[in-house]
Amino acid sequence: MEQSTTSLVEGCRKGSRAAQLALYRNHAGRLYAACFRIIGNASEAEEAMQDAFLKIFTRIGQYRTGLCFEAWMQQIAVRTAIDYIRRQTPVLEELTDRYADVSVEEEEFAEENAAYSVQRVKDGLQRLPAGYRMILSLYLFEGYDMEEIASILDIKQVTVRTQYLRAKKKLLELIAYEHNG
């Protein structure tokens with residue numbers, strides 16, 4: 001019989017290796033998927049997921065009972081994956097407000113190319129530069145809003161918005177090129 005997450009958390013707090021293993025087995029797939037979407041490399045995503053679990057197990061005493069444990073774990077995994085990206089790539093470029101507006105052409109291009117298969121989107125996402133992939137993953141897949149992403153990445157909200165729009169445009173271009181090419 002599968003143990004509840006609450007009992008597994010309590011077991012982990014007591015140092016139970018069996019509880020840690022069960023918690024890992026129950027949640028590794030979801031945390032790996034989150035890391036992979038951000039990092040884009042299977043082996044590095046696996047490493048980030050493993051590091052995230054180490055952080056989860058060492059910080060489990062900081063988890064406040066009553067809050068969503070899965071969301072707490074997901075946040076640790078996402079931040080760990082972001083740290084991996086930061087080690088690989090330079091910090092996102094800060095932009096002035098004059099770059100914040102999206103042209104009408106960009107918006108029309110995005111609307112015209114809105115319907116693509118999930119697989120095409122995933123393939124295109126993997127070909128994006130790490131910074132673009134990170135912004136899109138945090139916004140589209142992890143559900144963070146622009147303000148939260150700015151806080152996580154320690155950059156201005158206008159920079160997040162601009163990088164998101166550029167990433168979306170680049171992704172649509174990649175998908176269209178693959179489709180038509």
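Gly11 counts as buried, at 13% relative accessibility. In this predicted model, Gly11 sits in helix H1, which covers residues 5-13. Leaving out residues up to four places away in sequence, Gly11 touches Ser16 and Ala19. Leu23 is 12 residues from Gly11 in sequence, and their C-alpha atoms are 9.6 Å apart.

**Overall fold and confidence**

The protein has 9 helices and 0 strands, so its elements, read from the N terminus, run α-α-α-α-α-α-α-α-α. Of its 181 residues, 41% are buried. The accessible surface comes to about 10,500 Å², and carbon and sulfur atoms account for 50% of that area. Among contacts between residues at least 6 apart in sequence, 70% join residues at least 24 apart.

The mean pLDDT of the protein is 84, and 83% of the residues score at least 70. Confidence is highest in helix H3 (residues 42-59), with a mean of 96, and lowest in helix H5 (residues 104-112), with a mean of 50. Residues 93-102 have pLDDT below 50, and this stretch has 20 contacts in the model beyond near neighbours in sequence. Where pLDDT is low, predicted coordinates should not be read in detail.

**Salt bridges**

The structure holds 4 salt bridges. Side chains of opposite charge can pair when their charged atoms come close.

Glu10 and Arg13 are separated by about one helical turn because they are 3 residues apart in helix H1. Glu10 is partly exposed at 32% relative accessibility, and Arg13 is partly exposed at 30%.

Arg86 and Asp83 lie 3 residues apart in helix H4, so about one helical turn separates them. At 39% relative accessibility, Arg86 is partly exposed. Lys55, Asp83 and Arg86 are linked in a network of salt bridges.

**Gln74 in helix H4**

Helix H4 (residues 69-88) also contains Gln74. Gln74 counts as buried because its relative accessibility is 13%, under the 20% cut-off. Its side chain makes a polar contact of 2.7 Å with the side chain of Arg30. Setting aside neighbours within four places in sequence, Gln74 is in contact with Arg30, Leu31, Ala34, Arg37 and Glu142.

**A nonpolar surface patch**

Which residues form a nonpolar patch on the surface? Tyr139, Leu140 and Phe141 do, and together they have about 270 Å² of accessible area. Leu140 lies in helix H7, which spans residues 130-141. With a relative accessible area of 46%, Leu140 is partly exposed.

Methods:
Residues numbered from 1 in each chain as written. Predicted model: local features only at pLDDT ≥ 70, side-chain atom pairs only at ≥ 80, totals over all residues. Heavy atoms only, no water. pLDDT = per-residue confidence, 0-100. Helix = DSSP H or I, 4+ residues; strand = E, 2+ residues; numbered from the N terminus. Contact = heavy atoms within 4.5 Å. Buried < 20%, exposed > 50% of the residue type's maximum accessible area, 1.4 Å probe, protein only. Polar contact = N/O pair within 3.5 Å; in protein donor to acceptor, adjacent residues only side chain to side chain. Areas by Shrake-Rupley, 256 points an atom, 1.4 Å probe, with all protein chains shown as cover. Patch = residues over 30% accessible without salt bridge, like charges linked within 9 Å, V, L, I, M, F, W, Y side chains within 5 Å. Salt bridge = Lys/Arg side-chain N within 4 Å of Asp/Glu carboxyl O.
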